[in-house]
Amino acid sequence: MKSSEIREMYLNFFKERDHLVLPSFSLVPQKDPTLLLIGAGMAPLKPYFTGEKVPPHKRIATCQKCVRTPDIERVGLTPRHATFFEMLGNFSFGDYFKVGSIEWAWELVTKGYGIPEEKLLISVYENDDEAFDIWKDHIGIPASKIYRLGKEDNFWEIGQGPCGPCSEIHYDLGPEYGCGRPDCEVGCDCDRFLEIWNLVFTQFNKEADGTYSTLENKNIDTGAGLERFAMVLQGVSSLFEIDIIRPLLDFFAEKAAVRYGMDEKTDVSLRIITEHFRGVSFMVGDGVLPSNEGRGYVLRRILRRAVRHGKMIALEAPFLYEGVPLLAELMGDTYPELRDRLDYITRIIKIEEERFKETLGQGMEILEDHIKELHDKGETVLAGDIAFKLYDTFGFPIDLTREILAERGLSVEEEGFNRALEEQRERARLALYSKEQEDEIGAVYSLVKGMETRFVGYDSLEAEAEILGLVDVSEGKLLHGAEESEKELCLVLDRSAFYAESGGQVGDTGVLYCPEGAARVFNTVPGPGEQVLHIVKVEEGKLRQGDRVKAIVDRERREGIVRNHTATHLLHRALKDTLGDHVNQAGSLVDHERLRFDFTHFAHLEEEELRAVEEKVNEQILQSLAVETIYTTLDEALGMGAAALFDEKYGDRVRLVNISDYSLELCGGTHVHSTGEIGLFKIIHEGGIGAGHRRIEALTGINAYRFVLEMENILRELAFLIKTSPEMLVEKVDGLLGSYREMQRRLKQLEQKLAQQRIQDLLEKTDNSIGVPVLSSQVEVENMEALREYLDRLRDKMGSGIIMLGTVSNGKVLLAAAVTRDLVEQGYHAGRLIGEVAKITGGGGGGRPDMAQAGGKDPEKLPKALARVLALVKEQQGQV
C-alpha cells in the first residue's frame, strides 16, 4: 500500500465517523510563541485541549507534518528514528473516550489496513486497569499480549495542565530484528517491536503541588506515524525503504556514485542526508530561515549535519538543493507548498550549503588537529572553549562537534561550551556600555528599586508629577536635592509622559520645570521595574525630592519618532507582501531622524522589489488609515493574527497596534493616530547584516522630503554641467558614454600602433657585433608585469637573440631578461646574466635559462648596468 493510500484511508476512516478533517498546519507555530516547531499532531490544537478555545468540531482528524530533534544523533543509525515525520491523528474534545478510540484504532489497523492480529501487541500504563480491561475483554486481546509499562513509557504530561495515561499498538518485526536477550519484549529499546500508534487518554490535570485531579471533560489525542505504518504495509524493515523516502536516498547515492547496502558507514551517511533533507525542505517551505537562534538554528544544525555527511562520501556542497524537485514530485500532491515554493526552497538551501562549505574544510582541519592532540595526550574530552570557537567561527553546531568526537570515542566539555556561549552573549550586552557605565547603571537600579512610574505618554506629551527619587549617577547615591551643574542625574517621577527607550524606539527628551528651577531631560531609559528613568542635568536653580514638577516632552522630536515607528509597521507588512511570509522582524531602531529595520531574508532586494515595497508603504500613507491600540490577552491577540516574536517575553495583558486591516502587531511603542501623519516614506539604503538577515534604512516626513529635494538638486546640477535638462539627463549621459567608449576604442588602437612603433624602435638598437643578437635597453613602464609584456613582444619579433630590459618604478630598479630557445640550447643563460647585471644596481635576482627577472636599489646605476650586458654575453659566449 502506497503512503498516499495509507494517509487517505486514515483520514477517510475518521471522516466517515463524523470527524472534521483539517489540512496539516505549518511547522511554524502560528499562535504559540513558547513553541519552536510543531512536533506532534496535537500541538496546533493545544488551545482546544486546555479549554482556552472552543474547537470547530468535537471530533477532528489530521495528517500533521512534524519536526523533532531530541534523537537527532540516532538518525541514520537506526531504521526508525527521524527528525521529520508525518503524524496521523484523531482527536476527541469531551466526546468519545477510551472505548471509542481503542475500538476504532483496532478496527482500522486490522480490518482497514489488514495487519495480522498475531503480529500486534499492546502496551498500557501500569495503573490503567480500565484500558487493560478494554483491550482484554472488549477487543479480545490475550492478557499475555498486553504489557503494563511505567510512567516514562506510557504516561503523557508536560509540566502542569492536562495529562493522562496512554496505550500503544506495537508491530512485531520478528526476532531477527531483536537484541537476542531472553527477556526481549515490548518496552525493549531494540528495533524488534515497532510502535505504530499511540492513544493518549487526557483524563487528569496535574496541579501545582504535583497531585492529579480528574478532568470534567476528558479528551483523546492519538498519534500514528505514517512512515512506520508504511514500513509495515510495504513489508520493509526501515523507513528509508518506503516509497516516499527510498527514491530520495537513491538520488543522493547516484550523485555520490555509491551503491546503498554495500558499506554500512556509507549507508549511515546516505540515510542522514536523505532524512535531514526532507526536514530542511519542509521547514524552509514553511518560512523558516537558517540562523543561530530559535527554529532557524534547528534548521541550520540538521542541514549542516547533512552537508558534513555528504563530504564524508565525496559529495561536495552544494548538493542537497538538487533533490527538491524530486521531493516535490513525491509529496507535492499532499503538500502543495513544495511545488508552489519550489524555486524559493531550492535557493535557500543552496545558499546555506554554500555558506557552510566556505568554513567546513577549515573547521574540520582544526578539529582534526585537536583530536590528534587529545590522542597524543591520552585525553578524551575536548575543551569547551575549542568547541565554542568551532561554533562561533566556523559554524559548527555543538551537536555536530559532539557527533564527530563520538565517532572517535571522544566527548566535549558541554559546561565549558555553554559558559563560553553565555560569556559571548554577556559581552554583546555589555558592548553597549563601558565597565564604568555598567557599574553606574547597576547602582542606579538598586537605589530606585521599589519606586513606580505611571506612564501617560500615549495620550499626552506633558504631565504634572512628583519627584520620587533623585540619583547622582557618577557617585551612585540618592540625593535630597541638586543644584545647577553639568552633573548627570537620574530622576524618577510618579507620573511621566516620557517614553523610556525599548523595543527599538529611542527614549524621549524634553524639559522639567519645578518651583525653584528647571532641568533638561536628554534621555529616558527603563528601570528595573515599573520605573521611567529620566537622565537629566539641572540647568537653572535646584530640584528637590518631593518637588511637584511639570515634565514636558520635546514635541517635534516625538512626532518624528512616532512617524518612523508607525512606518516600520507598514514596512514590515509591505516586505511580507512583496517577498513572502518568511520575512520577520529581526530588530529595529526608531529615532526622530530615520528608521532602521532588520528582517529575515536570504538575498539582496532587487531595485524593482525595493520600489514595490516603498510604493506599498506610501499607498497606506496616502489612504490615511486609522491607527488604533487595543489592550487584550496574549492568546486573544494571537488569535486575531497579531505578529509576535518567538524570543519576546509578553505579560498577561498586551498592547496591539492595529493599522486598519493592513497591519496588526504587538507593540508597546508610540505611534501616529493616522498614517497620513507620516507624510512621505523613502528608502535610502538596503544591505546585508549577516547570514539570512537584511537591513533597510528609511526616512519619513520632512526628512524624506529634504532627501528627495537634495536628490533633485544633484540632478539639476548634473544637468547644468552637461548642458541639458533633468528630464533629458539619462539620454544625454547615455550619449556621452557612447562617445566615451568610442574614444576609448580609438585610443586603444593608437596605443597599440604606438607600442608596435616602440617595439620596432627598440629592435633597431639590437647589437649583432659578437655574432649573437643582443638587445639591452631602458624602457618607461610602471611595473614588472608591463616590463615582461615588452620582453615577450620583443622576443617574438626577434626570433633569435638575447634581451635585457630595465626600468625605474617607485625609486627601485626592475630588470627582465630573455634568451630564445635556440640560444638556450647553445648554453646561454638568462638567469646568470641578469644576476650579474642586478649586482651593479645594488640588487640581485635570477631565474630560468630562457626567462629571468631581478631588482636593484640604485636607479642611477641602471644605465651603467645595461651597458655591461654585451660584455657579459660575450663572457658567456666564451664559456659555450
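Colleague: In which hand does H12 cross H14?

Modeller: The crossing of H12 past H14 is right-handed. Please bear in mind that this is a predicted model.

Colleague: At what angle do helix H12 and helix H14 pack, and how far apart are their axes?

Modeller: Helix H12 spans residues 342-377 and helix H14 residues 398-407; the angle between them is about 45°, and their axes are 12 Å apart. H12 is therefore oblique to H14, since angles from 65 to 115 degrees would count as roughly perpendicular and those under 35 as roughly parallel.

Colleague: Which residues of H12 and H14 meet?

Modeller: On the H12 side they are Phe356, Met364, Leu367 and Ile371, and these meet Leu400, Thr401, Ile404 and Leu405 of H14. Sorted by class, this contact comprises 7 nonpolar residues, 1 polar residue and no charged ones. As a general idea, an α-helix has 3.6 residues a turn, so residues three or four places apart point the same way.

Colleague: Let us turn to aromatic rings. What describes a pair of them?

Modeller: Two quantities are used: the distance of the centres and the angle of the planes. By the pairing rule, the count here is 30 aromatic pairs. In one of them, the ring centres of phenylalanine 14 and tryptophan 104 are 6.4 Å apart with the planes at 85°, so this pair is edge-to-face.

Colleague: Where do phenylalanine 14 and tryptophan 104 lie?

Modeller: Phenylalanine 14 belongs to helix H1 (residues 3-15) and tryptophan 104 to helix H3 (residues 98-112), so their pairing ties together parts 90 residues apart in sequence. Phenylalanine 14 counts as buried because its relative accessibility is 0%; tryptophan 104, at 16%, also counts as buried.

Colleague: How is the pair of phenylalanine 455 and tyrosine 499 arranged?

Modeller: This aromatic pair is edge-to-face, with 6.0 Å from centre to centre and 70° between the planes. Phenylalanine 455 sits in strand S12 (residues 454-455), while tyrosine 499 is in the loop between strand S17 (495-496) and strand S18 (510-514), so the pair ties together parts 44 residues apart in sequence. Phenylalanine 455 is partly exposed at a relative accessible area of 25%, whereas tyrosine 499, at 7% relative accessibility, counts as buried.

Colleague: Which aromatic residues form one cluster?

Modeller: One aromatic cluster is formed by Tyr10, Phe13, Phe14, Tyr96, Trp104, Tyr113, Trp197 and Phe229.

Colleague: Finally, which residues of helix H10 are buried?

Modeller: In helix H10 (residues 324-331) they are Val324, Leu326, Leu327, Ala328 and Met331. The partners against which the buried residues of H10 pack include H1, strand S3 (84-93) and H12.

Definitions and conventions: Residues are numbered from 1 along each chain as its sequence is written. This is a predicted model: local features need pLDDT of at least 70, side-chain atom pairs count only at pLDDT 80 or more; totals for chains, interfaces and linings use all residues. Side-chain values use heavy atoms; hydrogens and water are left out. Axes are lines fitted to C-alpha atoms, for helices over the stretch in contact, and angles run from 0 to 180 degrees between N-to-C directions. Helices (H or I, at least four residues) and strands (E, at least two) are DSSP runs, numbered from the N terminus. Angles under 35 degrees count as roughly parallel, over 145 as roughly antiparallel, 65 to 115 as roughly perpendicular and the rest as oblique. A crossing is left-handed if the near helix is turned anticlockwise from the far one by less than a right angle, and right-handed if clockwise. Contact means heavy atoms within 4.5 Å. Ala, Val, Leu, Ile, Met, Phe, Trp, Tyr, Cys and Pro count as nonpolar, Asp, Glu, Lys and Arg as charged, and the others, Gly among them, as polar. Rings of Phe, Tyr and Trp (its six-membered ring) pair if their centres lie within 6.5 Å; planes under 30 degrees apart count as stacked, over 60 as edge-to-face and the rest as tilted. Buried means under 20% relative accessible area, exposed over 50%, partly exposed in between (1.4 Å probe, protein chains only).
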